[in-house]
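Let's walk through a protein model together, one piece at a time. Keep the picture open while you read.

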Amino acid sequence: LDAPYRYLIPSLRALAIALTILILSGPVLHRRVTVGTLGRVTFALDASQSMSLKDDLSGQARLSRAFNLLAGEDQNPGWLQSLKSTHEIDVVSFSEGKPALLWSSTGETELPTVWETDADGSQTNLTSAFEVPSVQATSEGQADRETTITSSAVVIVSDGRQTIGDSPIEAATSLSGQGAVIHTVGMGQSA
């Protein structure tokens, strides 16, 4: 064949191979749409004395490292920054009693940089992490904090040492039966 037609058959073969590879690779277009209300995420931080231990090369206590995960460090945004536009967020601390609300995205716009809690709890009750405080409006229009277990997700940040209370596995099973998702983040050295 002459010059212009000499490349026609190899070009058609190359095009057929390229189309076959494109079809087999299966490119898929994903489109995410948020429908409904924002989900609630509750970060429950263990504030027992075992979280004051320093067990890594950075020299930070476990609870300090947990706060750094939430708030971020230097150039790295924390979990709160990445979730605040898509979720309602509560941060609570727990040890042996009822959890204490440290921060909530409901009504507060600024992310915390300093946390007002220490790892000084004498015992750890992991089941108390599932009783997260939430803000309920009263008839007088003021906010009243009550205990409820209606979160869409609970993230427990703990070293996993339970000293008192019921089985956290049973409490987590009960909570997940109500539609909540439970995640755990382990702090400390593995044994």
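A search through the whole structure turns up three salt bridges, where a salt bridge means a side-chain nitrogen of Lys or Arg within 4 Å of a carboxyl oxygen of Asp or Glu. Before we visit them, keep in mind that this is a predicted model: local features need pLDDT of at least 70, side-chain atom pairs count only at pLDDT 80 or more, and totals for chains, interfaces and linings use all residues. Residues are numbered from 1 along each chain as its sequence is written, and side-chain values use heavy atoms, with hydrogens and water left out.

Start at Glu88, which forms a salt bridge with Arg40; their closest N and O atoms are 2.7 Å apart. This pair links distant parts of the chain, as Glu88 sits in strand 4 and Arg40 in strand 1, 48 residues apart. Strands (E, at least two residues) and helices (H or I, at least four residues) are DSSP runs, numbered from the N terminus.

Are these two buried or exposed? Here, buried means under 20% relative accessible area, exposed means over 50%, and partly exposed is in between (1.4 Å probe, protein chains only). Glu88 has 30% relative accessibility, so it counts as partly exposed. Arg40 has 17%, so it counts as buried.

Arg40 also meets the side chain of Asp90 in a salt bridge (2.7 Å, N to O). Asp90 belongs to strand 4 and Arg40 to strand 1, so this pair ties together parts 50 residues apart in sequence. Both Asp90 and Arg40 are buried.

Next comes Arg62, which forms a salt bridge with Asp159, with 3.1 Å between the closest N and O atoms. Arg62 lies in helix 3 and Asp159 in the loop between strand 8 and helix 5 (168-177), so the pair ties together parts that are 97 residues apart in sequence. Arg62 counts as buried because its relative accessibility is 4%. Asp159 is buried too, with a relative accessible area of 16%. Salt bridges that share partners join Arg40, Glu88 and Asp90 into one network.

**The sheet and a helix across it**

Five of them form an open sheet in the order 5-4-1-8-9, with mixed pairing; two strands pair if DSSP finds at least two bridges between them. Which strands are at the edges? They are strand 5 (100-104) and strand 9 (181-186), and each pairs on one side only. Strands of a sheet pair through backbone hydrogen bonds, either parallel or antiparallel. Strand 1 (residues 39-46) and strand 8 (residues 153-158) pair in the parallel sense over five bridges. The bridge partner of Leu45 in strand 8 is Val157.

**A nonpolar patch**

Finally, Tyr5, Leu8, Ile9, Leu12, Leu15, Leu19 and Leu22 make a nonpolar surface patch of about 710 Å². Such patches are made of residues with over 30% relative accessible area and no salt bridge: like charges are joined within 9 Å, nonpolar side chains (Val, Leu, Ile, Met, Phe, Trp, Tyr) within 5 Å. Accessible areas come from the Shrake-Rupley method with a 1.4 Å probe, and for residues only the protein chains shown count as cover. Helix 2 (residues 8-25) gives the largest share of the patch, six residues. Leu8 is in helix 2, and Leu8 is partly exposed, with a relative accessible area of 45%.
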